[in-house]
Amino acid sequence: MGMVSEFKEFAMRGNVVDLAVGVVIGAAFGKIVASLVNDIIMPAIGYAVGGVNFSDLAFELKPASVDAAGAEVAAVLIRYGAFIQTIVDFLIIAFAIFVAVKVINSLKRKQEAAPAAPAEPSAEVKLLTEIRDALKR
């Protein structure tokens with residue numbers, strides 16, 4: 001039973017839960033960025049450079065063939081177009097994260113720069129102040 005309670009304590013720590021939420025949101029964000037790149041950016045870039053579809057770009061090392069048993073052997077390809085698309089995905093995700101972190105940091109700086117209202121003195125301090133003032137009189 002000790003191991004189960006230890007695991008529960010570990011899993012329910014704030015950092016672990018925050019990390020889990022971050023991973024789930026990151027995965028969803030990755031899908032959004034992949035769609036942005038695949039469906040909007042890459043077709044526009046392909047059109048701008050003459051109708052090239054980057055995901056189809058590949059260097060063929062060995063063409064497709066049929067073996068002696070009649071089974072088709074797939075071509076051996078170096079798919080550099082998919083690699084280019086992955087680099088574009090990474091750059092967009094990195095830029096989006098950079099912007100998000102920059103916004104969060106600027107909000108934190110504004111919060112830290114704002115002067116905090118002075119704390120109201122405790123009852124003990126108020127009492128001592130009254131005693132001091134009474135003694136002065």
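1. Helices (H or I, at least four residues) and strands (E, at least two) are DSSP runs, numbered from the N terminus. On that basis the protein has four helices and four strands. Along the sequence they come in the order α-α-β-β-β-β-α-α.

2. This is a predicted model, in which local features need pLDDT of at least 70 and side-chain atom pairs count only at pLDDT 80 or more, while totals for chains, interfaces and linings use all residues. Residues are numbered from 1 along each chain as its sequence is written, and side-chain values use heavy atoms, with hydrogens and water left out.

3. Overall dimensions. The radius of gyration of the protein is 31 Å, whereas a compact globule of 137 residues would have one near 14 Å. This radius is taken over C-alpha atoms, and the globule rule is 2.2 Å times the number of residues to the power 0.38. Along the principal axes, the C-alpha atoms fill a box of roughly 110 × 55 × 20 Å.

4. Surface and burial. Of the 137 residues in the protein, 7% are buried. Buried means under 20% relative accessible area, exposed means over 50%, and partly exposed lies in between (1.4 Å probe, protein chains only). The protein exposes about 11500 Å², and carbon and sulfur atoms supply 68% of that area. Accessible areas come from the Shrake-Rupley method with a 1.4 Å probe; for residues, only the protein chains shown count as cover.

5. Contacts along the chain. Contact means heavy atoms within 4.5 Å. Among contacts between residues at least 6 apart in sequence, 42% join residues at least 24 apart.

6. Helix α3. This helix covers residues 80–113. Its 34 residues reach 49 Å from the first C-alpha to the last, close to the 50 Å expected at 1.5 Å a residue. The expected span is 1.5 Å times one less than the number of residues. Which residues of α3 are buried? They are G81, Q85, V88, D89 and I92.

7. Q85 and A82. Q85 counts as buried because its relative accessibility is 11%. Leaving out residues up to four places away in sequence, Q85 touches V37, N38, M42 and S55. A82 is also placed in helix α3. A82 counts as partly exposed because its relative accessibility is 24%. With residues up to four places away again left out, A82 touches F54 and S55. A82 and S55 are 27 residues apart along the chain, and their C-alpha atoms are separated by 4.8 Å.

8. K126. This residue lies in helix α4, which covers residues 123–136. Why does K126 count as partly exposed? The reason is its relative accessibility of 38%. Apart from neighbours within four places in sequence, K126 is in contact with E120 and P121. K126 and L91 are 35 residues apart along the chain, and 59 Å separates their C-alpha atoms.
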